[in-house]
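Q: I would like to learn how to read a helix and a strand in a structure model. Could we go through one of each together?

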Amino acid sequence: MPTITINKQVFEQLVGKILPLEELKDRISMLGTDLEKIENNEITVEIFPNRPDMLSEQGFARAFSSFIGIKTGLQKYHVKESGCKVIVDSSVTMRPYTACAIVKNLTLDDERIRQIMQIQEKLATTHGRNRKKSAYGIYPLENISFPINYIAHDPKNIKFKPLGFETEVCAAAVPELHPKGKAYKHLTEGWKEYPFFIDAKNKVMCMLPFTNSDDTGKVDEKTKNVFVECTGTDLRNVEVALNMITTALADMGGEIYSVEVVYSDKMVITPKLQPKKMLVDLSYINRLLGLLLKDTEIAVLFERMGYGWENGSVLIPAYRADILHQVDLAEDIAIAYGYENFKETIPNVATIGEEDPFEVFARKIREVLVGLRLLETKNYHLSTKEDLVEKMQIGENKTLPLKNALGEHNHLRNWIIPNLLRVLTDNQHHQYPQNLFEIGRTFVANKKTETGIEEKEHLAVMLCHEKVDFTEIRQILDALFSALGLEYAVKEMEHPSFIRGRIGMICCRNQELGLIGEFAPSVLASWGLLMPAVGFELDLEMLFEIVKGKEK
Amino acid sequence: MDDIKNIVAKLHPLERQVLPVLQQHLELSSIAKNAKLTEVEVMRALQWLENKEIIKIQSEKRKSIHLEKNGQTYKKEGLPEKRFLKALDESFKGLNVITKKAKLSREEATACVGLLKRKNAVEISQQEGLSVKITEEGKKIRNLEWPEEYFLLHVFPKEYEEAKDRTIVEELRKRKELISVRDEKKITVTLSPRGHELLKEDLSAEVVNRLTPGMLRMGSWKEKTFRSYDVEINVPKIFQGKKHFDNEALEYIKQIWLDLGFKEMTGNYVQSAFWDLDALFVPQDHPAREMQDTFYVEGKAKLPPLWKKVKEVHENGGDTGSAGWRYAFSEEETKQLLLRTHTTVLSAQTLSRLKKEDLPAKFFAVGRVFRNEALDWKHLFEFYQVEGIVVDPHANLKHLKGYLTQFYKKMGYSAVRMRPAHFPYTEPSLEVDVFHPIKKQWIELGGAGIFRPEVVKPLLGFDCPVLAWGQGMGRIIGEYWKITDIRDLYKNDIKQLREMKLWLR
């Protein structure tokens, strides 16, 4: 999640009040922003993805000032007309929307330039989804002439100087040469043409979604007036982005001017900073929060969160992108009311608790095995093909791989025994006997299920000491079935992981539940285990079904 | 006196066998010989006796003379030179003849010639090979007992220090495998006053180590005395069967929710993106859905019929009164298989099965969830989440705090705090902190909130407040057992599993 770093003095100036450190910390986290640290003169906060409008110092300070009751209510932003035009060519199908504005009379210094860069960068990664949905550019106004064309071109035919470059290059080389080109070229896969902003004097302003031109798109301390463009694939997203940027610039002291965006079939004037009106269902909010707020009280709380209030309707600031439903208003009311002020209550509602029946069964099985002095282990469900197949000397591979595991564990286990052999191998320095069991989930392919994978709870038991043999593991199995009041049989079979003639199929009520045997010395050797081991593994869910059927 | 009786009762059979011998013999080898035990057995008994301050064991270094192979033969059959001398007479005889007559080896015979010459007992001629005859001196000493012979009559091993005629010892030592002088440890015991006291006791009573079925059958136990054990000493360790400590804690957690009237939810680990994310209104381009956080599995899921409703809600809010996320919902994306990233997927599935008449209803799950991370001391790729939902038309935010407060009280945390947070599927969303009674600070344990109408309505069929939480338990569980490296929870170190104390809450 994105964090922003704020200069504490700038912040306090914007907020209009200096709070003691502890109160500042507390209020920041109660606003719904996660305070990471306050160090020296810097505040670092994490902004949740639903509030990109707080990704600027100005936006954050605006919300905070209102929250602590200094500058509450809807902030009004006046937009003057500039009459300047941006003409959108129908060729920009890959990024068809833009919203633009002009902001004049800014006073910039290093700190403010850093802030402007931070807004653009943080917004582009979160709200703009790493420039996929939208990207933004800011240009000194004096460098450019209107009307501006937003138009797609074959990059081979365009030359310009990308930001930070000394000389002009062919635009076709930008995805390979420029750092931002390399970072975002995956967004442009299959593009033959790229969108450009080109001004009236035919100067290239930027190549999207990569970089501004070094000639026209570089803001410095001398810059007073700027042109702001936002482009992207989603009109609403682009417009809200522009609102967030221009209101932040206005909070720096700038004056906002509108731009006429001319499409082939319509003309749109941006930015649109008039608030959106939404009728408030007061009883819904009260019910959800367990409060009894009156009209007048809720108006005060809304104003604490930067909203306006007008006869039962709320006025939502144009920079807020996250109000999809009444429920989003309810959360802001809760924040304004103070999460700390909600008193815990346990309602007087009777419901009946119930443990999952298989879990009850598994617990009983555990108790039987603990009574037989076995030690329960707990392994991960993710393992390796080497452990599950190769070391077990199994020919065919039926394990299910993961697509993108970061660690070495990249297969779902299809049986538990390899996990237990690993435990035994890793514990050879500890005292014997080492008699273990594990109940856990295994995974096999099965087209009939919703996911194509069948998950089964298995039980595996493993005995390991100097004199261990088939009889001893059979005795454990006997004890288990006798505890369940079931008859079972072991039938001869073959399995590459076990000694021939010492491996059997566990059968009960005409169903094959699992296998039991002595591990082949070659398997023990492949693990590096220098002690004989015997074991069994069975389908515990199948056993549960048998028991359930019998007890009915 | 009682002290002595007590000691007698506890004496081991070996000690009983050794003790009477100590009246006459105080040196290890002779004790062993007279007690008819091996020296190892005697040593064990002596050490036990010394522990009880009945005797004191001394050991000193000494040299002792041992009779070797040839020495033993000569002791029985006489020295070869004596036998050689006795085979001679006054006329010269060939060496072969003498050797045969004296039953010696050629090598011995040659050595005898030299030895006897030095004693002036023989005369040698080199004519017609080597021949020998006896001298007057020879005749004189032939029937005497020589000092060498006398020496061999001693009992061996013999203490070197005790041997009077050192020149004889040194001489015999030079000869082939006759005697040797070895460095040895001499172990002797002295009886303590307590030991003298003890020897006055009757040790002859038969003591029994073990009661046998035979004794019981025959009634012979009536005549037996049972040896007393030292019941205060440590015994070798045995190991109990045990549940995994993590499961003990999880069972406790489950019991809390059962006591609070919650029903358990279980379900698959492999889920579709539909159930894990889309049904929870997580937009398909949400940063958390990026590959690196989630394990994806090969294959495509079948979708339940309600997927179209969910798609609509994402795209335009459907009939929920929401504006929706306003993007084109991808069917391909929703069919992706993954390992569940949270147990909230179970809550979504439970909601889709609930009917209006089932309300109010409360559910919980204690289940594994997966995050695509490499293992390190604070990250696991599999861990547990505690999930809960309350589906109740009258539920509100205060109840949510109430349920969590109750739960954490039973987990040993007296206070719970809510802070604003953000999750795509809840509104209001909150972060749950509990107050750590020892560290005296708030610690963050997980998320909670009220499910958005965009989640509830498509799944349940109508809107209803659904309180929901998903809490991480690894931290609390690890802390109980003072585990600082989270990997130690599932290390399966057998010593750790055996020795870990129980969950005693």
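**Reading a helix and a strand**

A: In this predicted model, helix 11 (residues 357-371) of chain A has 15 residues, which at 1.5 Å a residue should span 21 Å, and its end C-alpha atoms are 22 Å apart, which agrees.

Q: Which residues of helix 11 of chain A are buried?

A: An α-helix has 3.6 residues a turn, so residues three or four places apart point the same way. Here the buried residues of helix 11 of chain A are Phe358(A), Phe361(A), Ala362(A), Ile365(A), Arg366(A) and Leu369(A). Because they cover an arc of only 145° around the axis, they lie on the same side of helix 11 of chain A. The face turned away from that buried side carries the exposed residues Lys364(A) and Gly371(A).

Q: What covers the buried residues of helix 11 of chain A?

A: The cover includes elements of chain A, among them strand 23 (434-445), strand 24 (453-464) and helix 16 (540-551), together with helix 14 (245-259) of chain B.

Q: How many residues of strand 27 of chain A are buried, and with which strand does it pair over seven bridges?

A: In a regular strand the side chains alternate between the two faces of the sheet. In strand 27 (residues 511-519) of chain A, seven of the nine residues are buried, so this strand is largely enclosed by the rest of the structure. Strand 27 of chain A pairs over seven bridges, in the antiparallel sense, with strand 26 (residues 498-508) of chain A, and there Leu515(A) is the bridge partner of Met505(A). Strand 28 (residues 533-539) of chain A also runs antiparallel to strand 27 of chain A, joined by five bridges, and in strand 28 Glu537(A) stands opposite Leu515(A).

Technical notes: Residues numbered from 1 in each chain as written. Chains lettered and ligands numbered in written order. Predicted model: local features only at pLDDT ≥ 70, side-chain atom pairs only at ≥ 80, totals over all residues. Heavy atoms only, no water. Buried < 20%, exposed > 50% of the residue type's maximum accessible area, 1.4 Å probe, protein only. Helix = DSSP H or I, 4+ residues; strand = E, 2+ residues; numbered from the N terminus. Pairing = 2+ DSSP bridges. Expected span 1.5 Å × (residues − 1). Arc of directions from axis to C-beta. Contact = heavy atoms within 4.5 Å.
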